[in-house]
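Please read the following report alongside the sequence and the three-dimensional view.

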Amino acid sequence: MPVYSVSHVENVRICVIMVGLPARGKSLIAQKIVRYLLWLSIKSKCFNVGSYRRLLTLREDTTFDFFDPENEAGLKVRQEAVNQAVKDMMKWFAEENGVVGILDATNSTRNRRSQLLKLCRENLIEPIFLELWCDDKDLILQNIADVKTTSPDYVDLDSEYATNDFLGRIKQYEKYYETMDLAADADLTFIKLVNVTSQIIVNRIESYLELRIVYYVMNLHIKPRSIWLSRHGESQYNLTGQIGGDLDLSERGWRYAKKLPELVLKSLGEEHKHTNLTVWTSTLKRTQQTASFLPYQKKLEWKALDELDAGECDGMTYEEIETEFPDDFKARDDNKYEYRYRGGESYRDIVIRLEPIIMELERQENILIITHQAVLRCLYAYFMNVPQEESPWMLIPLHTLIKLEPRAYLTLVLRIKADIPAVSTYKEKGTSQLGEGSVNEGSVKSRDLISNSAT
């Protein structure tokens, strides 16, 4: 069952209709909302009109004058892109039992928005408009810098050309853009973010699921930032193959702790070496010991970052669990995300207790998190949109630093492995042995997700 099943109880289906000029952060926030809701088991999908437009045109045909409202050929293509996106979204709602669809486009005029409003209501879908309004020139230029390096429209193009073309595109949209306001749009459900979170206007929010979305976007920012993830160094229990516990680091674990500041500096690069990070750890000794050599002043302990509670199996090896609780051992392999240890937790339980961490993480800028294998799997799944059934089988090795950089169209990943040996704590499906051996195709796919996404 989903963490939040209210959408099914109320039989609510929601269409989030993005509104805003280019370079306001719409695509970034749309993707974040989808990731968040999927992470909470709420079926969601984003329909990006720009992607449909790119399928209908060649890139060289869509310079900024293509977006001129007087350009009839361009207008026809852009209308067709909207039509295809909306058609696919409605099909998804009807045939795949979608709960939250996001239409990612400028939706610049009241006429366009009224058409979408009518369509949603005719199909018993609740529309909620999400406008990103911004007049902060520095923020706009920052967003352009992000878009021109990650958008398919500008890949491999000269940076100065891309910037000028995008500014020209914005000017075309400004000719007919109509912002939302409480007077003209009083009867609509909408959220308006002014300069991201400088001012937030919320109007006619009616359902619980709409409230969840509002609460989430109120905690977002779109400034460039990085998030570093690391497991604790190798522990005494890791050496013996036992799970859980609160033991000290091994000798090699202490070596990793001493090496970690160097790895962080390497990932920062010379240009950002003086960036001040905030370090988050769990309340368990092995994560705090791993953070002990980091030079950053602000270090916070979070109970929510503690390792998955193994209940009655705490301190046991997988071989012992398989012998003493064979039915439980098989049940966990069959559905690792949902299985809850006797007197302990499941991966779904971790997601529930991590939600406040995610909210706080979205509010912050540069954070280094040192925590545990199961918790890192859940966090990584959130940022990389990994399906829940695959996330518990991801390989997250010891003595490895992962750097994530969320962008408008993707999340960049850098993985730095310390030259310090450590045991493998990875258990393949169907065995009680630790280590990455030969596995079936599905397990290989999920196990290698982090390795394959590294750059």
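Gly 101 has a relative accessibility of 0%, and because buried means under 20%, this residue counts as buried. The model in which this is seen is a predicted one. Gly 101 belongs to strand β3, which spans residues 100-104. When its neighbours within four places in sequence are left aside, Gly 101 is in contact with Ile 14, Cys 15 and Val 16, with Lys 45, and with Met 89, Trp 92 and Phe 93. Val 86 stands 15 residues away from Gly 101 along the chain, and the C-alpha atoms of these two residues are separated by 9.9 Å.

A pair of helices comes next. Two packed helices are described by the angle between their axes and by the distance between those axes. Helix α3 (residues 49-56) and helix α4 (residues 72-96) have axes that come within 8 Å and cross at roughly 125 degrees, which makes α3 oblique to α4. The crossing of these two helices is right-handed. On the α3 side, the contact is made by Val 49, Tyr 52, Arg 53 and Leu 56, while α4 contributes Val 77, Glu 80, Ala 81, Val 82, Gln 84, Ala 85 and Asp 88.

The last topic is a sheet. Six strands form an open sheet in the order β9-β8-β10-β7-β11-β12, and their pairing is mixed. Its edge strands, β9 (299-301) and β12 (411-417), each pair on one side only. Neighbouring strands of the sheet are turned against each other by 20 degrees on average, with direction ignored. Strands of a sheet pair through backbone hydrogen bonds, either parallel or antiparallel. Here strand β11 (residues 400-406) pairs with β12 in the antiparallel sense over seven bridges, and Glu 405 stands opposite Leu 412 in β12.

Helix α10 packs on this sheet, where it touches β7 (227-231), β10 (367-371), β11 and β12. Helix α15 lies across β7, β10, β11 and β12. The table sets out the direction of each helix against a strand.

| Helix | Residues | Strand used for the angle | Angle |
|---|---|---|---|
| α10 | residues 251-268 | β11 | about 30 degrees |
| α15 | residues 373-384 | β7 | about 155 degrees |

Methods
Residues are numbered from 1 along each chain as its sequence is written. This is a predicted model: local features need pLDDT of at least 70, side-chain atom pairs count only at pLDDT 80 or more; totals for chains, interfaces and linings use all residues. Side-chain values use heavy atoms; hydrogens and water are left out. Axes are lines fitted to C-alpha atoms, for helices over the stretch in contact, and angles run from 0 to 180 degrees between N-to-C directions. Helices (H or I, at least four residues) and strands (E, at least two) are DSSP runs, numbered from the N terminus. Angles under 35 degrees count as roughly parallel, over 145 as roughly antiparallel, 65 to 115 as roughly perpendicular and the rest as oblique. A crossing is left-handed if the near helix is turned anticlockwise from the far one by less than a right angle, and right-handed if clockwise. Contact means heavy atoms within 4.5 Å. Buried means under 20% relative accessible area, exposed over 50%, partly exposed in between (1.4 Å probe, protein chains only). Two strands pair if DSSP finds at least two bridges between them.
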